[in-house]
Amino acid sequence: MSKVKRLPRRVYEPELARLQSELVNLQEWVRSEGARVVVVFEGRDAAGKGSTIKRVTEHLNPRVARIVALPVPTDRERTQWYFQRYAEHLPAAGEIVLFDRSWYNRAGVERVMGFCSKQEYTRFLHQCPIFERLLVEDGLLLRKYWFSVSDAEQERRFRGRLADPMRRWKLSPMDMESITRWEDYSRAKDEMFVHTDIPEAPWYVVDSDDKRRARINMIAHLLSTIPYRTVEPPRPRLPERPPPKGYERPPRDMQTYVPDHSALLR
């Protein structure tokens with residue numbers, strides 16, 4: 001496979017800023033209309049999901065747009081209906097929820113690594129389209145993105161993380177295992193698409209060998225699929241500061257200040 005040409009920064013940054021401005025418009029529309037938006041981010045390890053989510057939410061209000069990245073289920077959660085702990089995080093009116101991995105864990109890592117039984121896996125493939133149709137029927141705007149990365153690019157990113165102490169924490173045992181089980185994950189993904197790529201909630205594949213292109217393409221597509229309009233939020237007016245009434249600030253030596261580390265910099 002030929003290497004994807006990286007989108008130049010001089011093109012990427014202005015377009016990202018424009019798209020992020022539109023995401024703010026989308027946020028205001030969601031809030032004013034009481035819409036409910038769910039965006040599912042799935043894909044290979046190191047495919048660029050996390051960095052894309054960061055760009056999506058960078059300028060959004062965290063009270064409106066929130067990220068859901070669930071840990072390993074507890075013993076109690078393992079006894080629940082599989083979709084139950086995910087349903088708990090679905091948006092109310094005026095909210096956007098971004099799932100950094102989602103209920104599709106069952107069709108991916110749980111299937112490949114043997115963390116679920118064959119019966120549980122088969123039940124998931126049957127119930128998932130029903131679950132998603134119910135969400136859409138109830139009015140949720142559900143968008144599902146699969147970030148596709150080549151094996152060579154994935155390995156390059158893994159090696160980059162391994163060499164960088166600031167990013168080494170991103171490498172988990174599951175990441176290491178994904179290298180040796182590349183084809184197993186490919187087959188699992190293909191079977192997942194067969195059962196869950198439905199008209200009501202289709203999968204959208206994002207080529208992510210170039211992270212900049214992936215971010216731009218994903219955000220632009222998301223915006224194109226939601227019929228939002230620009231809603232001007234109320235513009236607050238700063239009140240006049242009232243005249244002082246004799247308040248005196250306590251002496252500095254009565255409080256503990258953070259040391260001025262910046263004064264040591266040259």
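Two rings of Phe, Tyr or Trp are taken as an aromatic pair when their centres lie within 6.5 Å, with the six-membered ring standing in for Trp. On that basis, a search of the whole structure, which is a predicted model, turns up 19 aromatic pairs.

One of these brings together Phe41 and Phe147, whose ring centres sit 5.9 Å apart with 25° between the planes, a stacked arrangement. The two residues come from distant parts of the chain: Phe41 belongs to strand S1 (residues 36–43) and Phe147 to strand S4 (residues 141–148), with 106 residues separating them. Phe41 and Phe147 are both buried.

Strand S4 also supplies a partner to a second pair, Tyr145 with Tyr204. Here the centres are 5.8 Å apart and the planes meet at 35°, so this pair counts as tilted. Again distant parts of the chain are linked, since Tyr204 lies in strand S5 (residues 203–207), 59 residues away from Tyr145. As for burial, Tyr145 has a relative accessibility of 1% and therefore counts as buried, whereas Tyr204, at 26%, counts as partly exposed.

A cluster is linked together from Trp81, Tyr82, Phe83, Tyr86, Phe99, Trp103, Tyr104, Phe124, Phe131, Trp146, Phe193 and Trp203.

Arg44 lies over the face of Trp182, 3.5 Å from the ring centre. Likewise, Arg111 is placed over the face of Tyr121, at 4.2 Å from the centre of that ring.

Technical notes
Residues numbered from 1 in each chain as written. Predicted model: local features only at pLDDT ≥ 70, side-chain atom pairs only at ≥ 80, totals over all residues. Heavy atoms only, no water. Phe/Tyr/Trp six-rings, centres within 6.5 Å; stacked < 30°, edge-to-face > 60°. Helix = DSSP H or I, 4+ residues; strand = E, 2+ residues; numbered from the N terminus. Buried < 20%, exposed > 50% of the residue type's maximum accessible area, 1.4 Å probe, protein only. Lys NZ or Arg CZ within 6 Å of the ring centre and 35° of its normal.
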